[in-house]
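Okay, thanks everyone. I'd like to walk you through one chain today, and I'll keep it short. Have a look at the screen.

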Amino acid sequence: NRTWSYTAHLSENNADYYITATATDIVGNSADASSQTKLIRTDRSAPSTTFTGCTGLTNSSASSVSSIAENVTYYAKGSYTVSGTITEANYNRTKVTITAKKDDVDVTGEALKSLQSSLATSLTSDDDKAWSFTGINGTGSYEYNLEIEDKAGNKATYKILVVFDNTLPEITTANVASYEKTTYYEFSGTASDANFLNANAVLYKDNVATEQTSVIEVDTTNHS
């Protein structure tokens, strides 16, 4: 046996090259070149994905959203999903993976298995580039890292941020008197929630709400 090598110059990206190897002996016998023709497809571009939709998420203004952006924090209080579509000519669905952190700690065990299974279920065939996953429930800040690797080994990672909060805010009132002789009465209290947005007050008379509804002014330095 003789060992041979050849270094090919694959100058163009996204191109198909063919290499053919043959051998000839001293009396002129040649190997069948067609049996040793190999295709080499160049790909130096990282795969990408769009975010096509989501359910169960809100933005920092508490408004529901139908799609998300990378590295932007969204909020959930119940089940939520995120979906997208991969753009990649040399797609490899077995190399689309997801990991997660909760409060900066790696998610492991059944929670991770369930997350990864959710993603894998959405990738049903090699031609299907649409992905989705169901997020993890449980109070905390989640960082999902979706990694896509193509057949040439190019990788891209996308970060998805979700804060899960199904804990009701706490609100207390302080200086409320049982009797009052003035026309205008100011009362105060505290509002407590890690993801506080606002508080509202409604004045009732004989169990009927009056028109005196207002947004309470809150000292945002004390709303832990």
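This is a predicted model: local features need pLDDT of at least 70, side-chain atom pairs count only at pLDDT 80 or more; totals for chains, interfaces and linings use all residues.

I'll start with the whole chain, then go through the sheet, the core, the aromatic rings and a few single residues.

The chain has 224 residues, and 26% of them count as buried. In secondary structure terms, we have one helix and 14 strands. The accessible surface comes to about 15500 Å², with 48% of that belonging to carbon and sulfur atoms. And if you take contacts between residues at least 6 apart in sequence, 56% of them join residues at least 24 apart.

Okay, the sheet. I want to show you an open sheet of five strands, in the order S4-S10-S9-S6-S7, with mixed pairing. Which strands stand at the edges? Those are S4 and S7, the latter being residues 105-106; each has a single partner strand, so one side of each is left without a neighbour in the sheet.

Let's walk across it. S4 is residues 73-76, and four bridges join it to S10 in parallel. If you want a landmark there, Tyr 74 stands opposite Val 162 in S10. On to the next pair: S9, residues 140-149, runs antiparallel to S10, with 10 bridges between them. The landmark for that pair is Ile 148, opposite Ala 156 in S10. S9 and S10 make a hairpin with five residues between the strands, and in that hairpin Gly 153 takes a positive phi near 95°.

Is S10 mostly covered or mostly open? Mostly covered: seven of its 10 residues are buried.

The largest nonpolar core has 31 residues, and the ones with the most contacts inside it are Leu 57, Trp 131, Phe 133, Tyr 144 and Ile 160. Several elements each supply at least two residues of this core: S3, S4, S5, S6, H1, S8, S9 and S10. Which of them gives the largest share? That's S10, with five residues.

Leaving aside neighbours within four places in sequence, Phe 133 is in contact with Tyr 80, Thr 81, Val 82, Ile 98, Leu 115, Ser 118, Leu 119, Tyr 144 and Ile 160.

On to the rings. How many aromatic pairs does a search of the whole structure find? Six. Take Trp 131 and Phe 133: the ring centres are 6.2 Å apart and the planes are at 10°, so this pair is stacked. Both Trp 131 and Phe 133 are buried. Then there's Tyr 142 with Tyr 144, also a stacked pair, at 6.1 Å centre to centre and 15° between the planes. Tyr 142 and Tyr 144 are both buried too.

Asn 90 is in the loop between S5, residues 81-87, and S6, residues 96-102. Is Asn 90 buried or exposed? Buried: the relative accessible area is 13%, and the cut-off for buried is under 20%. Its side chain makes a polar contact with the side chain of Asp 43, at 2.8 Å. Outside the four places on either side in sequence, Asn 90 touches Arg 41, Asp 43, Asp 150 and Lys 151.

Ser 122 belongs to helix H1, residues 109-122. Ser 122 is buried as well, at 15% relative accessible area.

Ser 30 has a relative accessible area of 51%, and exposed means over 50%, so Ser 30 counts as exposed. The Ser 30 side chain makes a polar contact with the side chain of Thr 24, at 3.0 Å. Skipping residues up to four places away in sequence, Ser 30 touches Thr 22, Ala 23 and Thr 24.

That's my tour, thanks.

How values were computed. Residues are numbered from 1 along each chain as its sequence is written. Side-chain values use heavy atoms; hydrogens and water are left out. Buried means under 20% relative accessible area, exposed over 50%, partly exposed in between (1.4 Å probe, protein chains only). Two strands pair if DSSP finds at least two bridges between them. Rings of Phe, Tyr and Trp (its six-membered ring) pair if their centres lie within 6.5 Å; planes under 30 degrees apart count as stacked, over 60 as edge-to-face and the rest as tilted. A polar contact is a pair of N or O atoms within 3.5 Å; within protein, one must be able to donate a hydrogen and the other to accept it, and residues adjacent in sequence count only if both atoms are side-chain atoms. Contact means heavy atoms within 4.5 Å. Accessible areas come from the Shrake-Rupley method with a 1.4 Å probe; for residues, only the protein chains shown count as cover. A nonpolar core is a set of buried Ala, Val, Leu, Ile, Met, Phe, Trp, Tyr and Cys residues joined through side-chain atoms within 4.5 Å.
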